[in-house]
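Me: I would like to go through this structure with you and ask, for each label, what it rests on. Please set the values against the definitions as you answer.

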Amino acid sequence: MEVRKEAVPDRPLVGREALVRKLYTLISPGTELACLSGGESWFRMPGIPGYAAVSRIEAVGPEVEGFAAGDVVFHYANHSEYEIVKAEGVFLKVPDGLELSWVPFTRMATVAMTSLRVSTIELGDYVAVTGLGLIGNMAAQLAGLQGATVIGVDLSENRRRLAEACGIAHTVAGGEGAAERVKAIAEGGVGTLIEATGVPQVAVESVSWIRQYGEMILLGSPRGRYETDVTDLLNYVHLNGRGCITFKGAHECRFPVEKDPFVKHSLVRNSEVVFGLLKSGRLRVEPLISHILAPEEAAAAYDGLKSRKDEYQGVLFKWA
């Protein structure tokens with residue numbers, strides 16, 4: 001990991017282009033560490049990672065409407081101080097009064113929100129969330145806002161403590177004995193399990209926590225090789241006596257980017273919903289911010305997220 005200084009392309013902006021200067025960008029630990037390890041085929045090295053930013057517009061192209069120099073916007077962008085981007089899609093003005101360091105977390109929250117959008121969670125349900133990193137923590141908070149009694153599960157005591165600080169009613173240490181503790185809280189089993197670690201073994205081993213006709217939501221992208229008895233796993237889905245459990249994918253790209261009159265959900269709408277939750281204090285991100293670093297500290301940031309996960313959680317680069 002290194003920091004490079006390169007000139008911004010010296011050319012007129014065209015079409016719906018905008019030149020932005022970043023204020024904060026947020027590291028996505030799961031995706032970016034996978035990129036750094038070479039585990040994502042779509043990310044070609046050397047490359048610039050990152051996909052969540054709050055920026056100030058410096059200039060706009062001739063076809064840009066509704067935005068002007070000086071506007072502060074949330075958008076998908078990489079870790080760089082300046083960037084020429086398209087002023088469309090998820091390119092949204094930040095509401096007045098919203099703390100700017102919170103804004104990049106909107107991207108993580110909309111990723112987490114997908115698990116709620118595809119679920120059948122209703123008021124009074126029990127929901128377990130395995131993995132209380134940024135995505136899992138927010139999924140747990142959102143499930144609570146949807147009316148569920150939420151049980152957060154993680155091996156890390158610090159992540160469990162942060163979840164409690166964010167209002168998660170119950171937390172359980174992962175590993176041996178977790179199943180019994182979850183079932184005791186959930187009166188025999190949860191209706192929905194949101195798997196946010198992306199570790200296949202966790203999904204397989206926690207399927208028994210789900211009550212009959214419940215659901216497993218795969219929120220974390222599964223990574224790494226894992227061998228198990230697939231027939232036994234499939235029988236949790238097929239056999240009535242094993243639960244007839246439904247497995248659902250929760251990848252955010254299942255939704256359109258922009259609003260569509262024939263589709264209820266979109267990434268733009270989800271982002272606007274998150275703005276409201278952040279501003280009202282119903283979705284808490286301040287406890288999740290562990291570090292605000294200068295870009296020159298990038299190597300330390302990624303090393304911390306990889307090797308000291310109890311200390312590094314929400315890591316922001318401050319550019320301006």
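Me: What does the UniProt annotation that covers residues 135-248 say?
Reply: The record, an unreviewed entry, gives "domain: Alcohol dehydrogenase-like C-terminal" for residues 135-248. UniProt positions are given in the numbering used here, feature names are shortened, and such annotations may be inferred rather than shown by experiment. Over residues 135-248 the chain is 39% helix and 25% strand, with the end C-alpha atoms 17 Å apart. Helices (H or I, at least four residues) and strands (E, at least two) are DSSP runs, numbered from the N terminus.

Me: How are the residues numbered, and which confidence limits apply to the model?
Reply: Residues are numbered from 1 along each chain as its sequence is written, and side-chain values use heavy atoms, with hydrogens and water left out. The model is predicted, so that local features need pLDDT of at least 70 and side-chain atom pairs count only at pLDDT 80 or more, while totals for chains, interfaces and linings use all residues.

Me: What makes the pair Gln313 and Arg159 a polar contact?
Reply: A polar contact is a pair of N or O atoms within 3.5 Å; within protein, one must be able to donate a hydrogen and the other to accept it, and residues adjacent in sequence count only if both atoms are side-chain atoms. The side chains of Gln313 and Arg159 are joined by such a contact at 3.4 Å. Leaving aside neighbours within four places in sequence, Gln313 is in contact (heavy atoms within 4.5 Å) with residues including Pro29, Leu132, Arg159, Leu162 and Leu305.

Me: Which residues of helix H4 are buried, and what do they pack against?
Reply: In H4 (residues 157-165), Asn158, Arg159, Arg160, Leu162 and Ala163 are buried. The buried residues of H4 pack against helix H3 (134-145), strand S7 (149-154) and strand S8 (170-173). At the start of H4, a side-chain oxygen of Ser156 reaches to within 3.3 Å of the backbone nitrogen of Asn158, and just after H4, Gly167 takes a positive phi of about 95°.

Me: What phi values do Tyr213 and Cys244 have, and how exposed are Tyr213 and Cys244?
Reply: Tyr213, in strand S10 (residues 210-218), has a phi near 65°, a positive value in a residue other than glycine. At 54% relative accessibility, Tyr213 counts as exposed. Cys244 is found in the loop between helix H7 (230-238) and strand S11 (246-249) and has a positive phi of about 50° although it is not a glycine. Its 24% relative accessibility is why Cys244 counts as partly exposed.

Me: Which peptide bond is cis, from Met45 to which residue?
Reply: The bond from Met45 to Pro46 is cis, with omega near -5°, and Pro46 is found in the loop between H1 and strand S2 (53-60). Phe43 has its place in the loop between H1 and S2, and is buried because its relative accessible area is 15%. Leaving aside neighbours within four places in sequence, Phe43 is in contact with Cys35, Ile48 and Pro49.

Me: What makes a space a pocket, and how much space lies in the second largest pocket?
Reply: On a 1 Å grid over the protein atoms alone, a cavity is a set of points where a 1.4 Å probe fits but cannot get out, whereas a pocket is an open set with protein on both sides within 12 Å along at least five of seven lines; lining residues have an atom within 4 Å of a point. Grid points are joined across faces, edges and corners, and a volume is the space filled by probe spheres set on the points. The second largest pocket holds about 1,000 Å³ of space. Of the 30 residues that line the second largest pocket, Glu2, Arg4, Ile48, His79 and Ser80 are the closest to its centre.

Definitions and conventions:
Buried < 20%, exposed > 50% of the residue type's maximum accessible area, 1.4 Å probe, protein only.
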